[in-house]
Amino acid sequence: MSKKVQAIYLWWHKPVIDKELLQSLPNLKVIANSGVGMDHLDLKLVASFGVKMANAPCAVSSSTADTGMALLLASARRLVEGYHIAISSGIEYREADFLGVEVTGATLGIIGMGSIGYKIALRAKAFEMNILYHNRTQRKEHEEQAVGATYCKKIDNLLQQADFVMVVVSLTPQTHKLIGKRELELMKPTATLINISRGAVVDQEALVTALQTGVIRAAALDVTYPEPLPRDHTLLKLKNIIITPHLGIKTDKATYMITEEAVENILAALNGLPIPSEVLPS
C-alpha cells in the first residue's frame, strides 16, 4: 500500500515521521498536523523529500486560550486545594488561612502574541486585567488598542511587572528553556507562571527550586517534559502548582474543527492548490 499513500494526518504525534517512513512512501505529498506545535517534526528532513507540511492554528486557538485562563483562575483562587479541603474529612477550615489572589486589576504578561496569545488577551480584558505582551514582532496599533495591551520589547520588562506570566510560544531552539533561573528570579515573589505551550520552554528544575524557595508564588502547567512526568517527580509533590495532562485543545468542538482544518489542508495539497495553513522549514 505504500505507493498509494499521498497524505498523512498526524494525531498526537502519531505516526512517528522519520527518514525510514518517508523513504517508504514515494508518493507522499503532505503531512497535516492536528495542532499548532510542529516541534515533533524534523521540518527540514520532511521538506527534503518534497513533502508539504501544515498545522491547524485556527481550530485550536480558542480552546487553548480557554485552558490558559482556566489555569490562571484555578491557581489564583486555589481551586484544586479548595476542592480537596471541601471533600476531606477531619480538616478544619479557617477562612483566614485560605486566601487566593485577585485577578481583576492584576497584570497579565503574555509571552507569545500569536493567535492563541491574542485570544487570551481578549479574555483577560473581560477580567479587567492590565495586559503586557512580548513577541518577536509588535502587533498593529489597532490590535493592541482592542485589548488594551502594551508591548514589551524586552522580556525582562514583562517579567518584572506581571502578576501572572503566561507562556504561549512554539518550541524552537530559540525558545528551549526560555524561562529559566534568571527569568524566574526576575518575576515578583507574588507572581504565578502559567505554561500552555510546550514543557521544554520552561526549565523544570529551575521551576522546582523557584516554587520551593518562594522565588515565585505558584505555577500552573498544562505541559511538562516528559508527558506524563515520572510519578516520583518533585513537581507532583508541591502544593503551589497545578498540573493538567495537556488538555489545551481537548474539547469535542475543537477536535472536530481540527479534523476539518487538516482535511482542508490535505485536499488543497493533493489538488495542487495553496495550502491554507502551510508550515515552511525555518
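Student: Which residues does isoleucine 110 touch?

Tutor: Contact means heavy atoms within 4.5 Å. Leaving out residues up to four places away in sequence, isoleucine 110 touches Gly117, Ile120, Ala121, Ile131, Leu132, Tyr133, His134, Leu158, Met166 and Val168. This is a predicted model, where local features need pLDDT of at least 70, side-chain atom pairs count only at pLDDT 80 or more, and totals for chains, interfaces and linings use all residues. Residues are numbered from 1 along each chain as its sequence is written, and side-chain values use heavy atoms, with hydrogens and water left out.

Student: How many residues are in the largest nonpolar core?

Tutor: A nonpolar core is a set of buried Ala, Val, Leu, Ile, Met, Phe, Trp, Tyr and Cys residues joined through side-chain atoms within 4.5 Å; buried means under 20% relative accessible area (1.4 Å probe, protein chains only). Here the largest has 33 residues, and Leu72, Leu108, Ile110, Ile120 and Phe164 touch the most other members. Helix H3 gives the most to this core, with eight residues.

Student: Why is H3 largely enclosed by the rest of the structure?

Tutor: Helices (H or I, at least four residues) and strands (E, at least two) are DSSP runs, numbered from the N terminus. H3 covers residues 57-76, and it is largely enclosed because 14 of its 20 residues are buried.

Student: In what order do the strands of the open sheet stand?

Tutor: Strands of a sheet pair through backbone hydrogen bonds, either parallel or antiparallel. Two strands count as paired if DSSP finds at least two bridges between them. The seven strands here are parallel, in the order S6-S5-S4-S7-S8-S9-S10. S6 (149-151) and S10 (241-243) each have a single partner strand, so one side of each is left without a neighbour in the sheet.

Technical notes: The expected span of a helix is 1.5 Å times one less than its number of residues. Buried means under 20% relative accessible area, exposed over 50%, partly exposed in between (1.4 Å probe, protein chains only).
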